[in-house]
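I opened this entry to record what I looked up, residue by residue. My notes follow the model.

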Amino acid sequence: MQGAVREHVAMLEEAGARAKPVRRASELSEVDGLVLPGGESTTMSKLLETFELLEPLKARIAEGMPAFGSCAGMILLARQTLDGRPDQQQLGGLDVVVRRNAFGRQVDSFEADLDFAEVDGGPVHAVFIRAPWVEKAGDGVEVLATVSGVPDDTARIVAVRQGAVLATAFHPELTPDVRVHRLFVDLARKAA
Ligand code: GLN
C-alpha cells in the first residue's frame, strides 16, 4: 500500500525468495508470506480497506501466514496500538501492544547498532524513522532486540517474533544488510 516496497522486494530476492508486490486479494492468495512495509499506519489501514485487502489479510494471518512488518507494518500486526488514531485497524498476528511514534517526532529519528537474537554475525545497524516500540509482549512472543539510551536508559523492545510472524520497529530494507530478511525468508520457508 505504501512504503519502501521496492527495497523490500530487492532484499527478499537477495535473501533467496521470489518476491512481488501485493495490492489486491487475488495477489495475496498467490504468496506464501507477506512483508508489511513502513509508512503511516492509519493511512495504510485505510488503504487496506479501500483495496478490500483488510479482511482477506486478517484471515490469512489468522491461518498462520508468515508475515514481517517493519515500523508501521509492526503497528498493523500488533494486537493493540497505543497513541494510535481511533480508526487504526489491527491485523493481529502478534500478541503485543505497541506504542506509535514512541521515540518522538520525525526529528527524533535515529540509528543504532543492535544485538539481534536469531541473527548471527554481529550487530544489526537499525534505522528508526518515527518508530513505534513494543510496550507489552505476550508469553508466546520472543523478544529479538531492544534499544536503550533513547530517550532514556530503559530497554525498549524493537524486534519480536511470534511463530512465523516477525516485526521490527526499524527499517532493515534501508540498509544493505540482508540478514533480517533472510531470517524472515527462512521462517516462511519452514512454515511452507
Ligand atoms: N510513525 C508511523 C506510524 O505511526 C510509522 C513510521 C514508519 O513506518 N517509518 O504509522
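This is a predicted model: local features need pLDDT of at least 70, side-chain atom pairs count only at pLDDT 80 or more; totals for chains, interfaces and linings use all residues.

**Active-site positions and ligand shell**

I began with C71, and it is buried, because 29 other C-beta atoms lie within 10 Å and the cut-off for buried is 20 or more. I placed C71 in the loop between strand 2 (67-70) and helix 5 (72-77). Leaving aside neighbours within four places in sequence, I found C71 in contact with G38, I129, A131, P132, A169, F170 and H171.

Next I checked the record. UniProt, in an unreviewed entry, puts the feature "active site" at C71, H171 and E173. I noted that these positions spread over 103 residues of sequence yet cluster in space, with a largest C-alpha distance of 10.9 Å.

Then I turned to E173. I found E173 in the loop between strand 10 (165-168) and helix 6 (179-191). E173 counts as buried because 27 other C-beta atoms lie within 10 Å. Its contacts, sequence neighbours within four places aside, are A4, E7, H8, M11 and S70.

Around the ligand I listed G38, G39, E40, S41, C71, A72, I75, R100, N101, I129 and R130. By class, I logged four nonpolar, four polar and three charged residues in this shell.

Last, I looked up D152. I located D152 in the loop between strand 8 (142-147) and strand 9 (156-162). Is D152 buried or exposed? D152 is exposed, because it has 7 C-beta neighbours inside 10 Å. I also noted 9.9 Å between the C-alpha atoms of D152 and F103, which are 49 residues apart along the chain.

Key: Residues are numbered from 1 along each chain as its sequence is written. A residue is near a molecule or strand if its C-beta atom, placed from the backbone, lies within 6 Å of it. Ala, Val, Leu, Ile, Met, Phe, Trp, Tyr, Cys and Pro count as nonpolar, Asp, Glu, Lys and Arg as charged, and the others, Gly among them, as polar. Helices (H or I, at least four residues) and strands (E, at least two) are DSSP runs, numbered from the N terminus. A residue is buried if 20 or more other C-beta atoms lie within 10 Å of its own, exposed if 12 or fewer, and partly exposed in between; C-beta atoms are placed from the backbone. UniProt positions are given in the numbering used here, feature names are shortened, and annotations may be inferred rather than shown by experiment. Two residues are in contact if their C-beta atoms, placed from the backbone, lie within 7 Å.
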